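Student: I have a structure to read. Can you take me through a few features, one at a time?

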Number of protein chains: 2
Amino acid sequence: MSSADTARKHVLCAGIAVLDQVFRVANFPRPDVKTQASEFRTVNGGNAANAAVAISRLGARASFAGPLGGPAGEDAVGDAFLALAAREGIDCSACPRVDGAPTSISAICIDSRGERAIVNFRDDRLAAARPVNAAALVADADAVMADNRFPEFAAEVCRAARARRIPVVLDADEPRRDSNDLLAIVSHVVFSAEGLRATAGSDHLGRSLIDVSKRTPAFLAVTDGRNDVLWLDGGELRQVPAFAVDVVDTLGAGDTFHGAFALMLAEGRNERDAMRVAAAAAALKCTRYGGILGAPTRAEVEAFLAARD
Amino acid sequence: MSSADTARKHVLCAGIAVLDQVFRVANFPRPDVKTQASEFRTVNGGNAANAAVAISRLGARASFAGPLGGPAGEDAVGDAFLALAAREGIDCSACPRVDGAPTSISAICIDSRGERAIVNFRDDRLAAARPVNAAALVADADAVMADNRFPEFAAEVCRAARARRIPVVLDADEPRRDSNDLLAIVSHVVFSAEGLRATAGSDHLGRSLIDVSKRTPAFLAVTDGRNDVLWLDGGELRQVPAFAVDVVDTLGAGDTFHGAFALMLAEGRNERDAMRVAAAAAALKCTRYGGILGAPTRAEVEAFLAARD
């Protein structure tokens, strides 16, 4: 991967934006004991919004489109999200704001082993928002990364992108059985383990991937934390090894994987190579505290991979 | 308790102010599963700040003094706290703001049984703040309610109040062994169970109260959730029965108890009566969702007690 020989690509990320309130703790809170955090920060979160940060850190152009609360000036959470996104150089100009609803917010605890516990509030009214002009949104995109938190919003963007025949990666992270429409209209699906189990109705990840392949011609893979990535290669199950690292914080690691994967496809890499880069980016992210703010630069990913070749 | 025959008293609450981000959940978050909240709201929290809300709801004058982050306009958490306190009619004009530090913030989950799980971040620099003029703060107070989160800040206020011989109630909620100074300079100590265990170094609440009584001449009691309140009456252990209610949300219940107790002392009631009113106020609070926003009015407490006499 040389950054010199690829033009700067543009990846549009569509889906959920969240403001994450992140508490660093020794142990997760338990009822009736007040847990003291050693650190607190407010960072951006949400699958698609996080993927946009990862893409921007890798040196590409990232834009984000997804429903926010509103209006501006009254929804403090959405205003804070946009200010943080602007700092990362992410174009959020096509985000619809839903008046009277709050932007999604999460409280997240990260423990001494780097594991996270998340509680999220998402106002149902956000799901009614639609892209103002999906065709315009994707007009100069080289790839799209969409999550399945707002399936109808994402579907419009994905259809417009597929009409242009660019790669469309679905992050099927949310456990839901109603994502079938999305599965059928994207070119690539990368499940979370939890998302795949819910979609396939089975606990066995490999068998579930094969089951889902009967419903969509899309490329299929599943990430599973620190375990290897499973994927289907012409009906055969294969693995992309996860890199072993000292884990400090897994928050945003999956999103980093999806963002890096979509960017590599935008740059014309094959899926196996793209997943290897994505796995490296996700592993590096896990070594750093601060949610998606720990996403690596392209130079860091290149050095990480070079050291392991 | 007739509101007609007591002049409107003023209780100063000194200690911690927190902005609480409250998530209503079916079950507490667990690692690696995203918990969806059915409701989210931002409310004021912190022991002393909550007690001020409870006092104001009971129809008295409440003021609050405690370290906030700062400066105004830059510490969004502190600004939000002050705006919410103003809505409750609480005078916060004597709160020092510590430039460069954030005001304390908590994320709190309340589950379907009304139990709470709390994570809190408190910047160490807040502990360096001192009252600008403790004597002026307490000059027209009829009682003081202080918590033990900022012992040195509280100690100055408590000493000034004791010099005026008004009741000074310490909420010894935080488990700490260094509260001995505070124990000795207040007139009343109401422990949380956790706070008493840490102070006495023993799990037995009754025995712990007797142990602590050797260190201070103050009135001593301990609250223990839905269990009866234990207190020492001239060396004898006694109980104030807790009222059985359908619990929706215990967040702020202890603070409601402390606020009501201090106010009743300010109105000249004896401790046993004051604790009965406080237990009623706390029980009513538990029947309502929304943290301290569920604290009852005086009319509600009077009706509750009248129905049980």
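Student: At what angle do the axes of helix H8 and helix H9 of chain B cross?

Tutor: Keep in mind that this is a predicted model. Two packed helices are described by the angle between their axes and the distance between the axes. Here, helix H8 (residues 253-266) of chain B and helix H9 (residues 271-286) of chain B cross at roughly 145 degrees. Their axes come within 8 Å. The crossing of H8(B) and H9(B) is right-handed.

Student: Which residues of H8(B) meet H9(B)?

Tutor: Among them are B:Phe257, B:Phe261 and B:Met264. In H9(B), the residues they face include B:Ala278 and B:Ala282. The residues of this contact divide into 14 nonpolar, 1 polar and 2 charged.

Student: Now chain A. Is H8(A) mostly covered or mostly uncovered?

Tutor: H8(A) is mostly covered, with 13 of its 14 residues buried. At 1.5 Å a residue, helix H8 (residues 253-266) of chain A should span 20 Å. Its end C-alpha atoms are 20 Å apart, so the two values agree. After H8(A) comes A:Gly268, with a positive phi near 90 degrees.

Student: What is the strand order in the open sheet of 5 strands?

Tutor: Strands of a sheet pair through backbone hydrogen bonds, either parallel or antiparallel. In this sheet the pairing is mixed, and the order is S3(A)-S9(B)-S8(B)-S2(B)-S4(B). Strand S3 (34-37) of chain A and strand S4 (39-45) of chain B each have a single partner strand, so one side of each lacks a neighbour in the sheet. The twist averages 20 degrees from one strand to the next.

Student: How many bridges join S2 of chain B to S4(B)?

Tutor: There are 7 bridges, and the two strands run antiparallel. One bridge pairs B:Val22 with B:Arg41 in S4(B).

Note on methods. Residues numbered from 1 in each chain as written. Chains lettered and ligands numbered in written order. Predicted model: local features only at pLDDT ≥ 70, side-chain atom pairs only at ≥ 80, totals over all residues. Heavy atoms only, no water. Axes fitted to C-alpha atoms, helices over the stretch in contact; angles between N-to-C directions. Helix = DSSP H or I, 4+ residues; strand = E, 2+ residues; numbered from the N terminus. Left-handed = near helix turned anticlockwise from the far one by under 90°. Contact = heavy atoms within 4.5 Å. Nonpolar A, V, L, I, M, F, W, Y, C, P; charged D, E, K, R; others polar. Expected span 1.5 Å × (residues − 1). Buried < 20%, exposed > 50% of the residue type's maximum accessible area, 1.4 Å probe, protein only. Pairing = 2+ DSSP bridges.
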